[in-house]
Each structure stands twice: as structure tokens, then as C-alpha cells.
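Reader: I am new to this structure. Could we go through it together, one topic at a time?
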Amino acid sequence: MQGARRKITKKELKEDKLVTYYYKTRTFLDKHGKAVIYYIAGFVALIIIVGLVINSKIQANKAAGYQLYQSQVLIDRSEYQEAVNSLNLLIDTYPGTRNSTSALVTLARTYYQMAEYDSTIQIADRYIVKYRGKSSILTCTALALKAAALEQKAEFKSAAEMYAQAAHSYPDLYTAPIYLIDAGRCYNLSGEDDKAIEIYEEVLKYYSYSDELVNRANEQLARAGGVAEELALKLSLF
């Protein structure tokens with residue numbers, strides 16, 4: 001009579017699977033070992049390269065930030081041409097960094113302060129085309145600088161459209177109602193009173209939280225031939 005078959009334990013099953021896995025792995029490595037080593041080496045090299053690239057970009061942005069600060073110091077001293085040279089060098093040396101995009105807008109603003117309006121428009125357009133939407137503040141500033149330069153060139157209709165674009169691109173930004181009032185003024189100067197009135201009424205409708213803005217909009221609205229809205233009386237409680 002044969003003896004009863006011994007039940008295999010869970011531990012023995014695990015050990016058997018481990019042995020099987022070991023031999024399968026050993027066989028695979030014997031056959032494909034060099035390819036595996038090359039793959040691992042390539043993967044490690046890729047990680048190192050990516051790390052170096054990231055670190056290089058971080059360092060480049062830091063260097064660009066320092067040069068941007070130096071350029072701003074020159075602007076504060078009214079040394080505009082030196083600032084322009086510094087900003088152009090920054091943009092050419094550290095392209096693609098966050099601070100180089102800021103430098104473009106600063107460069108446009110510097111040209112505006114120098115009354116070089118064509119250069120202002122050119123640099124503002126350069127930012128708008130390449131980086132529009134990456135930063136709400138910088139995008140609006142670039143649009144507004146272009147609008148201001150067009151206004152100085154007496155191209156009032158184009159200036160009005162650009163101011164309106166700056167306002168409507170980010171209507172929740174604190175600058176939006178200011179740019180709308182600027183747009184209305186330029187529409188008025190271009191002889192398009194109907195559009196000016198429409199813009200001022202937009203300010204009164206959506207940005208009535210500021211008495212200063214309401215007063216400015218009402219004043220410009222009256223000049224454009226519109227009817228100023230009455231301000232609600234505010235009662236002080238003692």
C-alpha cells in the first residue's frame with residue numbers, strides 16, 4: 001500500500017516559484033544580457049542628460065533674472081540706451097527662459113519711454129506672437145504698450161482696438177476697466193463716438209465697484225455724447 005501523498009505547503013510553493021523565476025531570469029540574461037546592459041546604460045544616460053538640461057535651464061533663468069534686474073536699475077536711472085543694450089543681450093543669450101520673455105515686455109516699455117514708438121510696436125508684437133497667453137499680466141502689458149504707441153502715432157482707431165483687446169483678453173484682471181476707458185478715449189478721438197459710448201457703458205455695467213472708474217467713465221461718456229449714469233448715494237452709518 002502506497003503511503004499517503006504529502007500535502008505541499010505554501011512555503012514550498014513559493015520557493016518552487018522563486019527557483020523557477022530565477023532560472024528563467026538567468027536563461028534570459030544569458031541570452032540577452034548585453035542588450036539589457038545597453039538598455040539600462042542608455043536609460044541612465046538619458047536621465048543624466050535630462051537632469052543636466054533642466055539644471056542648465058534653471059541656471060540660465062537665474063542669470064537672466066540678474067541681468068534683468070541690472071537692466072531695470074539702468075531704466076530707473078533713465079539710462080535707456082544702456083538698458084536697451086542690456087535687454088537685447090539678455091534676450092539673445094538666454095532665449096526661452098522665463099526672464100527673457102519678461103525682458104521682451106520691459107524692452108518694449110523702455111522703447112516707449114524713449115518715444116521710439118515703432119520699436120515699441122515691433123517688440124510688443126514679438127511678445128504677442130510668440131508668448132501670448134503664457135502670462136496674463138505680461139500679455140496685457142504688451143497689448144497695452146502697443147496700443148499706447150499707436151495712440152502716440154495718432155492711429156487712434158487701431159489704438160482703441162488694441163486697448164479693447166487687452167481688456168477683453170482678461171476681463172477679470174484689475175487693469176481691464178482701465179484699458180476699456182483708454183479704448184473709449186481713442187474711439188472718441190477717432191470720431192467713432194458710438195463705439196466710445198458702448199465701451200464706457202460696459203465699464204459702468206461691469207466695473208461699478210470703483211467710484212473712481214465710474215466717475216472717469218461718466219466724464220468720458222458725456223464728452224462722447226452719451227448720458228452719464230447717476231451714482232447711487234452712499235449713506236454713512238454712525
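**Rings, loops and charges**

Author: Y207 counts as buried because its relative accessibility is 9% (buried is under 20% relative accessible area, exposed over 50%, partly exposed in between, with a 1.4 Å probe and protein chains only). This is a predicted model, in which local features need pLDDT of at least 70 and side-chain atom pairs count only at pLDDT 80 or more, while totals for chains, interfaces and linings use all residues. Residues are numbered from 1 along each chain as its sequence is written, and side-chain values use heavy atoms, with hydrogens and water left out.

Reader: And Y209, is that buried or exposed?
Author: Y209 counts as exposed, because its relative accessibility is 58%.

Reader: How many aromatic pairs are there?
Author: The count is three aromatic pairs (ring centres of Phe, Tyr or Trp, the latter by its six-membered ring, within 6.5 Å; planes under 30 degrees apart are stacked, over 60 edge-to-face, the rest tilted). The rings of Y207 and Y209 have centres 6.2 Å apart and planes at 75°, so this pair is edge-to-face.

Reader: Turning to the backbone, what is the phi of S78?
Author: S78 is not a glycine, yet has a positive phi of about 65°. Most residues other than glycine have a negative phi.

Reader: Where is S78?
Author: S78 lies in the loop between α1 (10-76) and α2 (80-93) (helices are DSSP runs of H or I, at least four residues, numbered from the N terminus). S78 counts as partly exposed, because its relative accessibility is 45%.

Reader: What about A154, where is that?
Author: A154 is in the loop between α5 (136-152) and α6 (156-169). A154 also has a positive phi of about 65°, and counts as partly exposed because its relative accessibility is 47%.

Terms used: Helix = DSSP H or I, 4+ residues; strand = E, 2+ residues; numbered from the N terminus.
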